[in-house]
Amino acid sequence: MEEKTNVSKELKEKLFLQRKNGYNRIEETEEKAIFDFAEDYKKFLDIAKTEREAVCEAVKLLEANGFVEYKSDMKLSAGDKIYRNNRGKAIIAAIIGTAPISEGVRLCAAHIDSPRLDLKQNPLYEDNELALFKTHYYGGIKKYQWTTIPLSLHGVIIKADGTSVTVNIGEDENDPVFCVTDLLPHLATEQMTRTATKIIRGEDLNLLIGSIPFRDDEASEAVKLNIMNILFEKYGITEADFISSELEAVPAFKARDIGFDRSLVGGYGHDDRCCAYPALRAAIGCKAPVHTTVTILADKEETGSDGNTGLCSSYLRYFIEDIAEALGAKGRDVFSVSECLSADVNAAFDPTFPEVNERNNAAYVNKGVCITKYTGSRGKSGTSDASAEFAGRIRRLMNDKNVIWQTGELGKVDAGGGGTVAAYIANLDVDTIDMGVPVLSMHAPYEVISKLDLYMAYKAFAAFIAD
Ligand code: MN
Ligand code: MN
């Protein structure tokens with residue numbers, strides 16, 4: 001009897017897909033590396049809450065590690081480390097490989113924009129002696145989640161004379177913060193009968209910014225005047241300067257460990273900095289790659305990748321064409337033999353909401369970096385759907401390099417869906433597959449990921465670009 005059990009156990013191990021918890025598959029020494037990596041990551045989350053701040057941080061890290069800004073007339077040779085900063089909101093970093101560039105490049109593309117509340121271009125108003133900012137939400141959010149939490153304000157204002165002011169207020173412990181108010185339950189009888197999309201409506205996402213009137217009995221809008229006076233004294237701006245500004249309200253809280261075992265990280269904007277940071281670290285740590293490596297940190301993914309800093313624009317194509325030409329190849333020949341990891345998050349299975357997943361094809365916390373062959377919605381609409389051959393190639397590579405990985409789809413069939421930049425890069429004739437970290441509460445002001453999965457994303461990206 002016992003012998004029979006052993007046979008079936010062995011046979012199952014040989015024939016069945018193994019989906020063990022990552023912590024049962026790693027050495028104890030690796031656990032330390034996992035936790036150490038998360039410490040660096042949390043610092044990055046706190047310092048780079050917007051796409052502009054992420055680019056600033058990336059430039060610092062890249063330059064400290066020998067990368068120089070690429071100029072179009074530069075001569076390039078193997079081992080050169082370069083980057084191109086796209087308008088301070090997106091960045092491409094590359095290391096020239098030892099193989100001819102006509103053999104293709106290894107692309108790793110993550111995004112550095114996250115859902116948030118953008119200020120409107122004429123945001124400031126006073127209503128019943130309270131001063132507020134009007135906002136327009138950015139990306140797909142559950143609007144009610146963005147009320148009654150501390151928010152900080154980040155961005156730039158271009159003044160009438162063309163000079164630029166950088167704003168970052170609410171992150172320092174001594175800074176004030178801002179918030180969107182919500183109705184008290186006592187008086188929410190009507191509100192609570194609305195559907196969830198309308199409990200808080202788009203035009204209800206108003207940021208509370210002050211309440212003291214300017215000292216002048218004659219003045220109307222005295223609270224607004226007082227706020228504008230403070231802003232003039234601090235930044236030298238007038239109300240019209242908001243028209244040429246990009247100001248983003250984001251959660252003011254810092255990234256923290258979650259759980260008694262500290263295995264998880266809670267924070268704002270894991271999507272997609274939990275892929276962008278590992279991709280950046282992999283690029284920095286990459287020594288003398290065979291194929292040219294190209295790491296892209298893109299903007300505007302959350303609004304569909306349009307605009308000149310999103311990946312639907314031509315800036316990636318121009319960059320590859322420029323370096324191909326500098327190395328004596330044609331851009332289109334390079335793309336056709338290139339490979340890409342679209343480094344973006346997937347939804348982690350949440351035991352509180354099991355009904356949106358099909359258990360055999362969901363991604364789970366602590367089961368490693370998630371390979372997603374296709375995304376899209378309603379019959380794979382809007383996806384690139386990686387080929388079996390490319391999925392096979394990536395699977396072999398992950399196994400060879402001891403990366404803990406899993407496969408997962410974005411929710412069960414017809415539960416909803418979504419997309420990544422994978423389709424836009426695949427459309428350039430590049431073999432592309434999605435790979436990233438599973439996230440709980442994705443697009444909420446406070447998202448959760450696993451430290452193990454984060455580290456495995458780093459290992460995966462490092463293995464891919466070095467291969
Ligand atoms: Mn994403
Ligand atoms: Mn997203």
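Trainee: Buried means under 20% relative accessible area, exposed over 50%, and partly exposed in between (1.4 Å probe, protein chains only). Is Asp271 buried or exposed?

Mentor: Asp271 has a relative accessible area of 3%, so it counts as buried. Bear in mind that this is a predicted model, where local features need pLDDT of at least 70 and side-chain atom pairs 80 or more, while totals for chains, interfaces and linings use all residues. Residues count from 1 along each chain as written, chains are lettered from A and ligands numbered from 1 in written order, and side-chain values use heavy atoms, without hydrogens and water.

Trainee: Which protein donors does the manganese ion (ligand 1) have?

Mentor: They are His111 (NE2), Asp271 (OD), Asp344 (OD) and Asp344 (OD), and they lie 2.1 to 2.6 Å from the ion. Donors are N, O and S atoms within 2.8 Å of the metal (3.2 Å for Na, K and Ca); water is not among the atoms, so sites may look incomplete.

Trainee: How are the donor residues of that manganese ion (ligand 1) spaced in sequence?

Mentor: The pattern is H-x159-D-x72-D. The pair of His111 in strand β4 (residues 105–111) and Asp271 in helix α6 (residues 270–285) links distant parts of the chain, 160 residues apart. Helices (H or I, at least four residues) and strands (E, at least two) are DSSP runs numbered from the N terminus. Like Asp271, His111 is buried.

Trainee: Is Glu302 buried or exposed?

Mentor: Glu302 counts as buried because its relative accessibility is 12%.

Trainee: How far apart are the manganese ion (ligand 1) and the manganese ion (ligand 2)?

Mentor: They are 3.3 Å apart, and Asp271 coordinates both.

Trainee: Change of topic. How many residues does the largest nonpolar core have?

Mentor: It has 61 residues, and those with the most contacts inside it are Cys274, Ile394, Met435 and Phe461. Helix α11 (residues 451–466) supplies the largest share of this core, ten residues. Apart from it lies another core, of 32 residues, with Leu117, Trp146, Val165 and Leu231 among them. Such a core is a set of buried Ala, Val, Leu, Ile, Met, Phe, Trp, Tyr and Cys residues joined through side-chain atoms within 4.5 Å.

Trainee: What does Met435 touch?

Mentor: Not counting residues up to four places away in sequence, Met435 touches Cys275, Leu341, Ser342, Ala343, Asp344, Val369, Cys370, Ile371, Ile394, Met398, Ala460 and Phe461. Contact means heavy atoms within 4.5 Å.

Trainee: Where is Thr293?

Mentor: Thr293 sits in strand β14. Its relative accessible area is 1%, so Thr293 is buried. Leaving out residues up to four places away in sequence, Thr293 touches Ala93, Ala94, Ile95, Arg106, Cys286 and Ile465.

Trainee: Last one. Where is Gly379 found?

Mentor: Gly379 is in the loop between β18 (376–377) and α9 (388–400). With 68% relative accessibility, Gly379 counts as exposed. Gly379 and Val413 are 34 residues apart in sequence, and 7.8 Å apart in space, C-alpha to C-alpha.
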